[in-house]
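Here are my notes on the aromatic residues. Please read them with the model open.

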Amino acid sequence: MGTVITWWGHATCTVEDSGVRILTDPVFVRRLAHLRRRLGPVPPPEAGVADAVLVSHLHSDHLHLRSLARLAPGTRLILPRDAVRSVPGLRRLDARRNPAGLRITEVGAGDEVEIGPVRVRAVPALHDGRRLPVGPHRSPALGYVITGETRTYFAGDTGLFDTMAESVGPVDVALLPVGGWGPHLGPEHLDAGRAAQALARLAPRAAVPVHYGTYWPIGFDGVRPHEFYAPGDEFVRKAARLAPEVAVHLLRHGESTRPEAVR
């Protein structure tokens, strides 16, 4: 059957594996606070069709309540531990309180959740996991490894850290952030160069760059535009130098790929 990965923009992807659809960090809006979607259409309704949804951390461009509210009732929602306590708006989406809500499961690094024939394992990430700007330090940022026919690593948002390869383990496909939503990236992020270093450490068969070229601050169109447009192509070039054995699939918004990744 194979695995199909669709990139909808930013960190929002659909991973189809073994007949299971898993959606990551869904953001289905044209405007998000001070950010505007500059490239790619807003994902169509079918993007929200999923058996399970993974949220990597509590920042509003990854945990977006209005987008989560568009999911079908009963969808499995996997969140970092203590997310509901940190983000009270999640309570309205919890099936335990709302019959039309979502089935929420909170996890920490090392925890595993089975979704039919697919297993999802939470792994560490190096990133501020708080609900900014004033959230408490309760919920760690996470990545996830989705294991079915293929082992797919969704990094969420992370910096490069020494134990990344050990923590993630062997994977076939890596969905790696290579940029951001503004003209500056902090140290707890991957830019194209650091993402290529991560790729060399992880050594998957294939990679898809994400988390770039979608949202940008309103009024910042002319501020360091290369930071918006260039990260995908830069990652392709730097990956070819640091991890030449990895096939990089550079997708447009809404485009899908079947990475050839065999265990």
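1. First, a term. Buried means under 20% relative accessible area, exposed means over 50%, and partly exposed lies in between, with a 1.4 Å probe and protein chains only. By that rule Trp216 is buried, at 0% relative accessible area.

2. On the source: this is a predicted model, where local features need pLDDT of at least 70, side-chain atom pairs count only at pLDDT 80 or more, and totals for chains, interfaces and linings use all residues. Residues are numbered from 1 along each chain as its sequence is written, and side-chain values use heavy atoms, leaving out hydrogens and water.

3. Three aromatic pairs turn up in a search of the whole structure. Rings of Phe, Tyr and Trp (its six-membered ring) pair if their centres lie within 6.5 Å; planes under 30 degrees apart are stacked, over 60 edge-to-face, the rest tilted. Trp216 and Phe228 pair edge-to-face, with 5.4 Å between centres and 70 degrees between planes.

4. Phe228 is buried too, with a relative accessible area of 1%. Phe228 also pairs edge-to-face with Tyr229, at 4.8 Å centre to centre and 85 degrees between the planes. Tyr229 is partly exposed, at 44% relative accessibility. Trp216, Phe228 and Tyr229 make up one aromatic cluster.
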